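Hi everyone, thanks for coming. Have a look at it first, and then we'll start with a pair of helices.

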Amino acid sequence: MDKQTTLRTTLAIALTLAVVVIWTWLFPPPARQAPPPSPAREMQGEPGAGAADAGPSSADSVVEDATAGGEDVPLVGEVIAGEEGQVPVTVRLEHQEVVLTARGGRVLSWKLLDFPRDPSHPEQGPVDLVSPEARSLERYPLTLIARDDELTRVLNEAWYVVDEQPPYDGELEERGLPASTRRVRFRWADGRGLEVEKALYIAGDDRYVNYVEWDVRRNGRSVPDVRMAWGPGIERPASSKSYYMAEHERAVVGLPDDHEEFAVKSLRDTDVLIPPARGARFVAIDDRYFAVAIIPREPAEIHLRLVEPVTGGGESQDDARRIAVEIGARKALLFTGPKAEALLRRVDGDLGTTLSDLIQWGFFGWVARPLFLLMKWIHDQIGNWGVAIIAITVLIRALFIPLTHRSMVSMRRTQEQTAKLQPKIRKIKEKYRDKRDMASRQKMNEEVMALYKREGVNPMASLTGCLPLLIQLPVLWAMFSLLRVVIELRGAPFGLWIHDLSAPDPTFITPILMGVTMFAQQMMTMARTDDPQQKSQQRMMMFMPLMFTWFFLWAPSGLVIYWLTNNVLGIGQQLFVNRHAAAAATAEASRSN
């Protein structure tokens, strides 16, 4: 073949290749569509699908709206989109049941199967960590929030392709998850460079530690300033408690050396931004008994804000608003469970977190936690939390017998000595009855004090008798705190008519008995007197049992049982002191005769 023929052949091949490349660039082949869903999924819609009609009517319309300004952007990749109206995916394991929607790849409900929403009415179903406000606003957990509102809409309104295939070998081990974990993966792409992937790993063990990972890419690069959200709030459990025992929602950010709490009131005026440099170990939304904690696996920005839903009225402004958490971590562990002390300690040991700080032990937490551990040990031996409360109350009372006995004896002696001096004190006051000037009042007080000194009576002895009671205050308050917050009492029966130690006594019998015993204690400790001023003070003190009875009508029955038991033991001890004092007085009178 001569050189001219070779040149012509080479030129023809080059022109052919150029035509093929240019034709493919101008007229790309149609993109492959995702396989259609199963017939069962095509038959039904899902909750909240009606709201989708207000936005794009299908995945194709979402793709069209995702183009910048509606320009005709050519396809550069595969379009991945699920069928509109897919049936939600339900993952039911031993302790959790999670319902997910392909619309936005989000969580519709997250139920804790071991914990009824209302222990007194288990027919109402289990606790659900997705709040009613999240449903009404369609701001479900795992919602993605971008800086651009249009991108946010696209990410959360598109219908994703769902993959429920089991994880591959080693996938769970890499993430520290048990073999019983289920994985649900969501994928979506508009074919013009925007791709989204989400994967939720739902644990099947009793640690309630799950795993979530997600990414939003444009032209192969992760889109910055996108955050994953949980909230507003977690579902409020059914409550029959009074206002001072009400649930108070908060957000907690765990930092390397401490943790910060944010209540609704602290977020009223401005949002809170926690930068990645602070090294937050977790961010949680919790109430008294349950928590959702996001534990980032990479440095991430955390954003806390209030969300105000549309309510039907009847709530104060702060009660209506709920806390929402947004976090930029694209890989995170997710704790979704009860605030049980042993469970949180176990999770802390496995993950290096401080989730156990979520339990609100109160100001005297250093006393409350050991008392709870002791009460739990007693429960393990007895098998009844109500009996354990009574037993630990008896132990505490026995521990403080030396102090309380000294206090009671001192106060009793002071009352008796003061009662003997009352006639002489009245004569002094009668002497200065018509004199109102300061000099006369001061002289009257000096004569009264001289009388005390002459008779060997210390009027301040009653105050020193109160000192042992002040020493007991940390223990009393610690018991008060722990009986309000430990989840072990939630739904725990005592016996007879008390079926839930965390709920008020439905018959009000124990609060009324507590008021009666408190009244009896006051009657036993009051000294007989003819002084009108002291009588007036005693009448005022008689209102205390009435006030306490009113407050405790709606208190948890476990707390009422503790207070009632403490009163009964106090009455017994006071009876012993009074009889001992009476016997001593009789013996002294016989000796003087």
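Helices α10 and α11 cross in a right-handed way. Before I go on, please keep in mind that this is a predicted model.

So where are these two helices? α10 covers residues 365-382 and α11 covers residues 385-399. Their axes come within 9 Å and cross at roughly 125°. An angle over 145 degrees would count as roughly antiparallel, and this pair is therefore described as oblique.

Now look at the residues that meet there. On the α10 side you'll find, among them, Leu 371, Phe 372, Met 375 and Ile 378, and on the α11 side, residues including Trp 385, Val 387, Ile 392 and Leu 395. Which classes of residue make up this contact? There are 14 nonpolar residues, one polar and one charged.

Helix α15 spans residues 509-525, helix α17 spans residues 543-552, and their axes lie 9 Å apart at an angle of about 160°. Why do we call this pair roughly antiparallel? Because angles over 145 degrees count that way, α15 is roughly antiparallel to α17. The crossing of α15 past α17 is right-handed.

In this contact, α15 brings Pro 511, Ile 512, Met 514, Gly 515, Met 518, Phe 519 and Gln 522, while α17 brings Met 544, Pro 545, Phe 548, Thr 549 and Phe 552. By class, that gives nine nonpolar residues, three polar and no charged ones.

Next, a single residue. Asn 566 sits in helix α18, which runs over residues 557-592. Is Asn 566 buried or exposed? Its relative accessible area is 14%, and since buried means under 20%, Asn 566 counts as buried. Leaving aside residues up to four places away in sequence, Asn 566 touches Thr 393, Arg 397 and Leu 476.

Finally, let's step back to the whole chain. How many helices and strands does it have? There are 18 helices and 20 strands. The chain has 593 residues, and 48% of them count as buried. Among contacts between residues at least 6 apart in sequence, 69% join residues at least 24 apart.

Note on methods: Residues are numbered from 1 along each chain as its sequence is written. This is a predicted model: local features need pLDDT of at least 70, side-chain atom pairs count only at pLDDT 80 or more; totals for chains, interfaces and linings use all residues. Side-chain values use heavy atoms; hydrogens and water are left out. Helices (H or I, at least four residues) and strands (E, at least two) are DSSP runs, numbered from the N terminus. Buried means under 20% relative accessible area, exposed over 50%, partly exposed in between (1.4 Å probe, protein chains only). Contact means heavy atoms within 4.5 Å. Axes are lines fitted to C-alpha atoms, for helices over the stretch in contact, and angles run from 0 to 180 degrees between N-to-C directions. Angles under 35 degrees count as roughly parallel, over 145 as roughly antiparallel, 65 to 115 as roughly perpendicular and the rest as oblique. A crossing is left-handed if the near helix is turned anticlockwise from the far one by less than a right angle, and right-handed if clockwise. Ala, Val, Leu, Ile, Met, Phe, Trp, Tyr, Cys and Pro count as nonpolar, Asp, Glu, Lys and Arg as charged, and the others, Gly among them, as polar.
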